[in-house]
Amino acid sequence: MLKKLKSAERLFLLIKKLLPFTAASLSKGKILNEVQQLVHNDPRSWLDAVSIWRNLLKLDVNREEFSQRDANPLKRKMRENEGVIAKKLKTEEMQKIEENHKEYQLEEQTEDTLEQRESTMRRDKLEKEEIQKEVEKAAGAHSQEDLTFRVSCRCSGAIGKVFTAQEVGRIIGIALMKQFGWKADLRNPNLEIYVHLNDIYTVAGIPLFRVPLASRTYIKTAGLRSTIAWAMASLAEIKVGTFVLDPMCGLGTILLEAAKEWPDGYYVGADVSDSQLLGAWDNLKAAGLNDKIELLKVSVIELPLPSESVDIIISDIPFGKKFKIGKDIKTILQEMERVLHVGGTIVLLLSEDHHRLLKDCGGSHMPLDSKGSHTSEPRIKKCLIPEEKPDTSERVTSSYEGGNQECSDKMSPFGSLVPVEYYKVSLGKTNALICKYKKSSTSGL
């Protein structure tokens with residue numbers, strides 16, 4: 001069940017979660033001492049988390065062994081059936097043309113094919129056994145001293161200005177070796193410890209999986225983070241038969257995630273870049289979705305679609321680092337609005353600058369409630385990945401009061417698009433917002 005989560009980057013077994021260290025009021029030595037106390041003050045929480053982690057690994061090993069045993073009778077039956085069919089065909093060939101030596105060539109080819117198949121199966125089996133041995137080694141360590149570990153640390157906010165991740169990681173590593181007798185192994189450890197220090201919390205945990213959940217096996221070339229793409233598609237509320245358009249599709253990550261999760265929609269991607277469309281086509285073929293998603297080479301400001309013909313638009317608006325659009329974002333919004341039918345939904349990933357630009361000129365529009373009606377209450381800003389202080393990160397009202405009258409006389413880039421909600425997300429070093437809009441009427445075109 002955990003492996004099927006689509007919007008989670010990585011999952012951790014929680015060891016400890018504490019309030020943030022106050023870097024401004026403490027000396028560097030005192031902060032390092034507090035970091036060591038993460039281990040020394042409550043060693044039981046570390047041992048409990050490691051015990052749960054080991055049990056999960058053993059469950060994985062047992063499940064793999066069970067599935068292999070379960071599959072063996074089926075494989076034997078398939079081989080027996082293949083043998084019976086091969087003998088029958090051989091007998092019929094012998095009866096029809098005894099003098100023809102092609103049957104022997106066919107037989108040799110069949111044997112070669114079977115040998116190749118068996119060789120491939122043996123190789124796959126050896127690879128699985130190697131992986132299983134590694135897991136068993138970690139899960140079956142008989143004592144704490146047998147465990148090898150590595151600390152991965154991330155420091156952001158005020159604490160990140162005082163310490164590097166390497167400094168904190170080294171301090172915690174030394175504390176773990178002294179407390180439990182574990183051995184450090186930076187290349188191939190049994191156990192990885194993840195520590196994150198920021199302005200909101202201090203947290204330590206154990207990654208549940210070596211490979212992040214965000215690394216999709218069906219995506220050949222990564223573009224936008226798959227977790228963000230899935231979150232955007234989920235906000236769009238795609239239903240059976242819905243016409244979904246990404247007019248700036250890039251490598252097609254949003255459409256891939258949407259079509260995988262909601263396969264009964266009709267999906268179209270558009271882009272002006274040949275290289276991006278070729279990459280998107282390779283991704284579609286690799287994911288087996290080339291018959292589910294149509295690709296078009298067109299400009300986002302000149303879409304070859306009738307007005308009010310699209311149900312949902314989902315798109316990642318370029319931030320200007322690789323592809324620049326400048327103030328064309330207003331023109332882009334107006335063209336999206338034109339092709340979207342009344343009641344339709346737009347979900348956009350916007351940089352903070354683009355969001356500010358649109359909000360400054362589009363703030364006179366009142367948000368919609370859950371029933372699609374206008375409400376006088378200011379809309380709520382929600383954070384998928386909070387990066388601010390606790391008193392401002394959970395629910396922050398938008399500042400629409402000032403400037404509403406000033407903007408009401410301007411031509412809004414939104415036209416009939418009404419903001420519904422938006423979510424703050426982290427893209428590593430860059431922050432962005434997922435913004436959802438509804439088309440309320442045809443006025444303002």
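What covers the buried residues of helix 5? The cover includes helix 6, strand 9 (310-316), strand 10 (340-351), strand 13 (417-427) and strand 14 (430-439). The model is a predicted one. Its chain holds 11 helices and 14 strands, and 40% of the 445 residues count as buried. Among contacts in the chain with a separation of 6 or more, 77% join residues 24 or more positions apart.

- Helix 5 is largely enclosed by the rest of the structure, because 10 of its 11 residues are buried.
- The buried residues of helix 5 are Ser226, Thr227, Ile228, Ala229, Trp230, Ala231, Met232, Ala233, Leu235 and Ala236.
- Just after helix 5 comes glutamate 237, which takes a positive phi of about 60°.

**Helix 5 against helix 6**

- Two packed helices are described by the angle between their axes and the distance between the axes.
- Helix 5 (residues 226-236) packs with helix 6 (residues 253-261) at an angle of about 60°, and their axes are 8 Å apart.
- That angle makes helix 5 oblique to helix 6.
- The crossing of these two helices, helix 5 and helix 6, is right-handed.
- On the helix 5 side the contact is made by Ser226, Ala229, Trp230, Met232 and Ala233, and on the helix 6 side by Thr253, Ile254, Glu257, Ala258 and Glu261.
- The residues in this contact of helix 5 with helix 6 divide into 6 nonpolar, 2 polar and 2 charged.

**Threonine 253**

- Threonine 253 lies in helix 6.
- With a relative accessible area of 4%, threonine 253 is buried.
- Not counting residues up to four places away in sequence, threonine 253 touches Ile219, Gly223, Leu224, Ser226 and Ala229.

**Helix 1 against helix 4**

- Helix 1 (residues 28-40) and helix 4 pack with their axes 9 Å apart, at an angle of about 45°.
- Helix 1 is therefore oblique to helix 4.
- The crossing in which helix 1 passes helix 4 is right-handed.
- Helix 1 contributes Lys28, Leu32, Val35, Gln36, Leu38, Val39 and His40 to the contact, while helix 4 contributes Glu167, Val168, Ile171, Ile172, Ala175, Leu176, Gln179 and Phe180.
- By type, the residues of the contact of helix 1 with helix 4 divide into 10 nonpolar, 3 polar and 2 charged.

**Alanine 165**

- Alanine 165 is found in helix 4 (residues 165-180).
- Its relative accessibility is 25%, so alanine 165 counts as partly exposed.
- Alanine 165 and serine 152 are 13 residues apart along the chain, and their C-alpha atoms are separated by 7.9 Å.
- Leaving aside neighbours within four places in sequence, alanine 165 is in contact with Cys153, Arg154 and Cys155.

**Aromatic residues**

- The count of aromatic pairs comes to 5.
- Phenylalanine 243 and tyrosine 266 have ring centres 5.3 Å apart and ring planes at 50°, so the pair is tilted.
- This pair links distant parts of the chain, with phenylalanine 243 in strand 6 (residues 243-246) and tyrosine 266 in strand 7 (residues 266-271), 23 residues apart.
- Phenylalanine 243 is buried, with a relative accessible area of 14%, whereas tyrosine 266 counts as partly exposed at 41% relative accessibility.
- One aromatic cluster is formed by Phe149, Phe180 and Trp182.
- Phe180 of that cluster also takes part in the contact of helix 4 with helix 1.

**Positive phi in loops**

- Most residues other than glycine have a negative phi.
- Glutamate 237 has a phi near 60°, a positive value in a residue other than glycine.
- Glutamate 237 is found in the loop between helix 5 and strand 6, and at 46% relative accessibility it counts as partly exposed.
- Glutamate 308 has a positive phi of about 55° although it is not a glycine.
- The position of glutamate 308 is in the loop between strand 8 (293-297) and strand 9.
- At 34% relative accessibility, glutamate 308 counts as partly exposed.

Key:
Residues numbered from 1 in each chain as written. Predicted model: local features only at pLDDT ≥ 70, side-chain atom pairs only at ≥ 80, totals over all residues. Heavy atoms only, no water. Axes fitted to C-alpha atoms, helices over the stretch in contact; angles between N-to-C directions. Helix = DSSP H or I, 4+ residues; strand = E, 2+ residues; numbered from the N terminus. Parallel < 35°, antiparallel > 145°, perpendicular 65-115°, else oblique. Left-handed = near helix turned anticlockwise from the far one by under 90°. Contact = heavy atoms within 4.5 Å. Nonpolar A, V, L, I, M, F, W, Y, C, P; charged D, E, K, R; others polar. Buried < 20%, exposed > 50% of the residue type's maximum accessible area, 1.4 Å probe, protein only. Phe/Tyr/Trp six-rings, centres within 6.5 Å; stacked < 30°, edge-to-face > 60°.
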